[in-house]
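Please have the structure open as we go.

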Amino acid sequence: MNKNLQEQIIRSSGVNVLKCMRCGKCSGTCPSYGEMEYHPHQFVYMVERGEIEPLLKSESLYKCLTCFACVERCPRNVEPAKVVEAVRLAAVRQQGNNHLTPAQIPDMLDDDLPQQAIVTAFRKYTK
Amino acid sequence: MQRIGVFVCHCGTNIAATVDVKAVAEALGHEPGVVISQDYQYMCSESGQNLVKNSIKEHNLTGVVVCSCSPRMHENTFRKAAAAAGLNSYMVEIANIREQCSWIHKDIATATEKAIILGKAAVAKVHLNAPLTAGESPVVKRALVIGGGIAGIQTALDIAEAGFDVDIVEKNPTIGGKMAQIDKTFPTLDCAACILTPKMVEASQNEKIHIHSFSEVADVKGFVGNFTVKIKKKARFVDETKCTGCGLCTEKCPMKKVPNEFNMGLDNRTAIYIPFAQAVPKVATIDPNYCMMLKNGKCGVCSKVCSVGAIDYKQEDRIIEEKYGAIIVATGFNPIKLDKYDEFAYNQCADVVTSLELERLMNAAGPNGGTLLRPSDKTHPHTIVFVQCVGSRCDDSKGKPYCSKICCMYTAKHAMLIREKYPDTEVYVFYIDVRTPGKNFDEFYRRAVEQYNVHYIKGMVGKVTPKSDGKIDVQASDLLANEQLHINADMVVLAAAIEPDKTARPLATMLTTQMDTNDFFTEAHPKLRPVESATAGIFLSGACQGPKDIPETVAQASAAAAKAIGLLCKNSITCNPCVAHSNELMCNGCSSCEKVCPYGAITYVDKEFRMPDRTTAIRRVASVNPAVCQGCGACTVACPSGAMDLNGFSNSQIMAEVDAICK
Amino acid sequence: MQVNENKEFEPVIVAFCCNWCSYAGADLSGTNRLNYPTNVKIIRVPCSCRVNPMFILRAFQRGADGVIICGCHPGDCHYTSGNYYARRRITLLYSMLDYLGIERNRTRLEWVSAAEGAKFAETMQKFTADVKKLGPNRRLEDLRCRKQ
């Protein structure tokens, strides 16, 4: 089960996780580092090792801003944000696992919240 | 009719595992002209070669085919064996059934079939081989070293020591290269200038060494032993023979705002300048981009104060031509430009510097006289962060794929020197790996950590942000503590990748030598021939061949010198006998061949021919100079009448090979 | 052409490789044990400029199904300009073969350097596959040359 899940995540991300040279520049750049339990460099390493379960259950999936700074800065072109997105999709696409429902939106609204944030949130957190 | 012997090598199991060598020997034994066909374990061994020699004598062989590894490995071995047995060396052909057969194919049946076909092609070719004698061409006993850094200087000193004349061509006004800009060298912490300048002086005083400074190679023609090189001596506007290097002109020059290249632009120099105090030659040079006299016709102070009248505003570039037997390339390296690394704020903040700039900042002859001060406000830095691998080990389009080799060591050196001189300054080094492969290198790095308390952190800097209070916020990851750090730094030093000098690629085209995609010169064999290029007579010395530190550079420089000396000490070298020749009776004098020859080896001569009616007519026919011809074959295809042919790869030989393969 | 009853068509491919770059590249792919089909047989020439278009036509006449010429990358020719001549000649040859109605994919000119072992193997694999798809060369084959 784990092997299949690992293969599926690697395939859907389009990333070759073996290219990572463990430099840590992605985590060094990540603006959400402090909020995350598992950081970008750990995502890449744990997907390579097949430790997908802890990642699926972690809140870190939803703290990633998809700012792509890690993709921009990675010297090896590993694209960690795509790995995070692939794991997030694997989590969200399970039955009944939408991270965001329309019912939650009214409580989150305020004058400063741009329309685009709601659209992006639904793209990222639901299937 | 030829009497051909075929020898099929097992090469241990390298060939025998995937090719049935006995079947190959058997099949080839049936080919027309083959009188003996056998297999053997290791043809290249002494007993294998003896087998060939004995067979030649015993069976009166006129041609030999060896089915073995690539001719690029052992063609010479078997040629020598044939010559030793009294058979002309060029009656030997090799069929490549290892690199191009047994090593790439897995199915024994098809691999054996292919080996037999390749063997048949070689047999067909040997049938048409004619004995060839190699000519000789003289060797000019003079060497050219392109580049006057430590690599070029060491090579020149070694060649001069052997008694040959050497010319050094250096594009900067002085020799010395990057090593002259370095403060101290690892792992001994010797002062670089102290160990370099004696060599520079020795080079300038050695009778056999001639330095062409502020010069560039403009054109190279010829071939090994006989290169004709045009050197452009750029105008310094100062007469080298008169200038004493007193420096008065540099003191009096009113244009003082020229960025000083020697100090990496961190301070200024005058328009007329001597690059540094120990420059060789110690001669002033005028920078035409900044000199007011050369640009606007105003000033002229330097020529007024010069007591020997060495200033010559009318001086022009001139070209000299010289002949050399060997050329050694020593063009060196430069740190890369950091334009694509805005995350480190190199262009935005004056206190973010490269390691070479730091080297100048710490040097006693540098912009601050040896006191390390922040470039922005000249205050003392209390916290310095070193970032490793900037632009190295990258798999993207921004940086270089290779490791630059010297950065781990020089950063440890910088860190130690700073900690020793300023114990109150904290030093952090963010690394991916620490690479310390040389003698005493790892011990050196451990001293930095254990004795000098340099903080080595495994992780990478993600972002450098200059702050309004003048300090720099460095955001980085610490992978072992699993934290993201923010360091309030005063200076950030980037270990930028190194790349070959930009003049290297045009030079490679002039020399017809090969380079790889990173612009490093390609050596003839990466393991066994690291200082020669594939082009005969061109040798490689120093960082132009690959990133390396000073001990390796000096070792390689001496190795290149040894190879060059091996060439120069010969009075003549044997030419390649596989040259073109023209059948006078078929040549109609059209000049097509002359036009395509890259070496100018073909000329036209008027010759007398006896006509059928017993008169004599004079006709213009092609004549190939066998010493100059390199055997490319361009003329053979250009010739419309088929008069031109190539020894060793003649039209009939190649067509026989084609026939054998397609049957 | 090798036509064996009940067996798949295996094309005969002749490769002309220049001694300095592509032959060394072929050796490198051998050293690295990179596979390519046995159909490819290599003839060594000093430079790609040595390849006379007549050799290519002869190969087709004698039954080759595909011919590939490999040389140094433009700018890197050991003899300075040889590969430029090869490039021009082969361009004209393509024109002529086109006129004769010979499929374009039967002939190919490729630049392979001495360091490109992997590229050499890939090129040979692709070329063999392309020629296999085209089937046996009937148009230029001289039946008198066929093995009896």
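Predicted model: local features only at pLDDT ≥ 70, side-chain atom pairs only at ≥ 80, totals over all residues.

Let me begin with chain B as a whole, which has 18 helices and 36 strands, and whose C-alpha atoms fill a box of roughly 95 × 70 × 40 Å along the principal axes. Of the 663 residues in this chain, 50% are buried. If we take the contacts in chain B with a separation of 6 or more, 70% of them are between residues 24 or more positions apart.

Now I would like to turn to some details of the backbone. The peptide bond from Phe186(B) to Pro187(B) is cis, with omega near -5 degrees, and Pro187(B) sits in the loop between strand S8 (184–185) and strand S9 (190–191) of chain B. A cis peptide bond also joins Val280(B) and Pro281(B), where omega is about -5 degrees, and Pro281(B) belongs to the loop between strand S15 (272–273) and strand S16 (285–286) of chain B.

Next come positive phi values in residues other than glycine. Cys299(B) has a phi near 100 degrees, and you will find this residue in the loop between helix H9 (292–296) and helix H10 (301–305) of chain B. Is Cys299(B) buried, partly exposed or exposed? Because 17 other C-beta atoms lie within 10 Å, Cys299(B) counts as partly exposed. Lys378(B) has a positive phi of about 55 degrees and lies in the loop between helix H11 (355–362) and strand S21 (383–390) of chain B; with 10 C-beta neighbours inside 10 Å, Lys378(B) is therefore exposed.

Let us stay in chain B for one further loop, the one between H10 and strand S17 (318–324), which holds Val308(B). Val308(B) is exposed, because 11 other C-beta atoms lie within 10 Å of its own. Leaving aside neighbours within four places in sequence, Val308(B) is in contact with Lys242(B) and Thr244(B), whereas the C-alpha atoms of Val308(B) and Ala143(B), which are 165 residues apart along the chain, are separated by 33 Å.

Moving on to where chains meet, 41 residues of chain C are in contact with 41 residues of chain B. On the chain C side, helix H1 (22–31), strand S2 (40–45), helix H2 (53–61) and helix H3 (82–100) each supply at least two residues, and H1(C) gives the most, with six residues. The residues on this side of chain C divide into 19 nonpolar, 12 polar and 10 charged.

Finally, please look at chain A, where helix H7 (residues 80–92) has 13 residues and reaches 18 Å from its first C-alpha to its last, close to the 18 Å expected at 1.5 Å a residue. Which residues of H7(A) are buried? They are Pro80(A), Ala81(A), Val83(A), Val84(A), Ala86(A), Val87(A) and Arg88(A).

Technical notes: Residues numbered from 1 in each chain as written. Chains lettered and ligands numbered in written order. Helix = DSSP H or I, 4+ residues; strand = E, 2+ residues; numbered from the N terminus. Buried ≥ 20, exposed ≤ 12 C-beta atoms within 10 Å, placed from the backbone. Expected span 1.5 Å × (residues − 1). Contact = placed C-beta atoms within 7 Å. Nonpolar A, V, L, I, M, F, W, Y, C, P; charged D, E, K, R; others polar.
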